[in-house]
Amino acid sequence: MKTDQKMNCWEYMQCERHPGGKLHNADGGCPAATDRLSDGINSGINGGRFCWAKGGAVCLGEVQGSYAKKIQGCMDCGFFLLVAEEEDDLMISANCLCDANRKNKMATIGETSVSSLTSSDQ
């Protein structure tokens with residue numbers, strides 16, 4: 001493990017649901033810890049620094065729901081705030097933003113960054 005590697009959610013939460021963790025084999029692990037498609041996002045391993053975008057992620061011992069149902073709680077989480085502070089261009093999922101936007105003002109669905117969300121075209 002590199003000494004400059006940033007902390008992943010399972011390290012911060014000490015949940016042991018990552019590959020090799022004590023609880024990984026007991027319940028299949030956590031989607032954030034096993035999602036290889038998210039590897040590298042926000043400088044994390046798998047989805048370890050993108051856990052708020054993973055439906056079914058396990059947080060505080062409970063399986064969380066879909067992104068749209070959990071994102072507000074995630075944005076109040078100490079780990080989310082740590083990643084937001086450490087990353088210059090924090091990645092979040094835009095799916096919730098699209099669901100909330102009933103007038104279809106967003107042109108694309110997928111991934112976006114906080115910097116693009118906060119830049120104002122007022």
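Reading a predicted chain: burial, confidence and the pocket

Me: Why is N42 called buried?
Reply: N42 has a relative accessibility of 5%, and buried means under 20% relative accessible area, with exposed over 50% and partly exposed in between (1.4 Å probe, protein chains only); N42 therefore counts as buried. This is a predicted model, in which local features need pLDDT of at least 70 and side-chain atom pairs count only at pLDDT 80 or more, while totals for chains, interfaces and linings use all residues. Residues are numbered from 1 along each chain as its sequence is written, and side-chain values use heavy atoms, with hydrogens and water left out.

Me: Where is N42 found, and what does it touch?
Reply: N42 sits in the loop between α3 (31-34) and β1. Leaving aside residues up to four places away in sequence, N42 touches R49, F50, W52, V83, E87, D89, L90 and M91; contact means heavy atoms within 4.5 Å.

Me: What makes the buried residues of α5 one face of the helix?
Reply: In helix α5 (residues 78-86), the buried residues are F79, F80 and V83. Seen down the axis of α5, they fall within an arc of 100°, so they line one face of the helix. The arc is that of the directions from the helix axis to the C-beta atoms.

Me: What are the helices and strands of the protein chain, and in which pattern?
Reply: The chain has seven helices and four strands, in the order α-α-α-β-β-α-α-β-α-β-α. Helices (H or I, at least four residues) and strands (E, at least two) are DSSP runs, numbered from the N terminus.

Me: Where is confidence lowest, and where highest?
Reply: Confidence is lowest in helix α6 (residues 95-100), at a mean of 42, and highest in helix α1 (residues 9-13), at 96. The scale is pLDDT, the predictor's confidence in each residue, from 0 to 100. Over the protein chain the mean pLDDT is 78, and 73% of the residues reach 70 or more. Over residues 118-122 pLDDT stays under 50, and the model has zero contacts there beyond four places in sequence.

Me: Which residues lie nearest the centre of the largest pocket, and what is its lining by class?
Reply: M13, V58, C59, Q64 and C74 lie nearest the centre, among 20 lining residues. By class, the lining has 16 nonpolar, two polar and two charged residues. Ala, Val, Leu, Ile, Met, Phe, Trp, Tyr, Cys and Pro count as nonpolar, Asp, Glu, Lys and Arg as charged, and the others, Gly among them, as polar. A pocket is an open set of points on a 1 Å grid over the protein atoms alone, where a 1.4 Å probe fits, with protein on both sides within 12 Å along at least five of seven lines; lining residues have an atom within 4 Å of a point.
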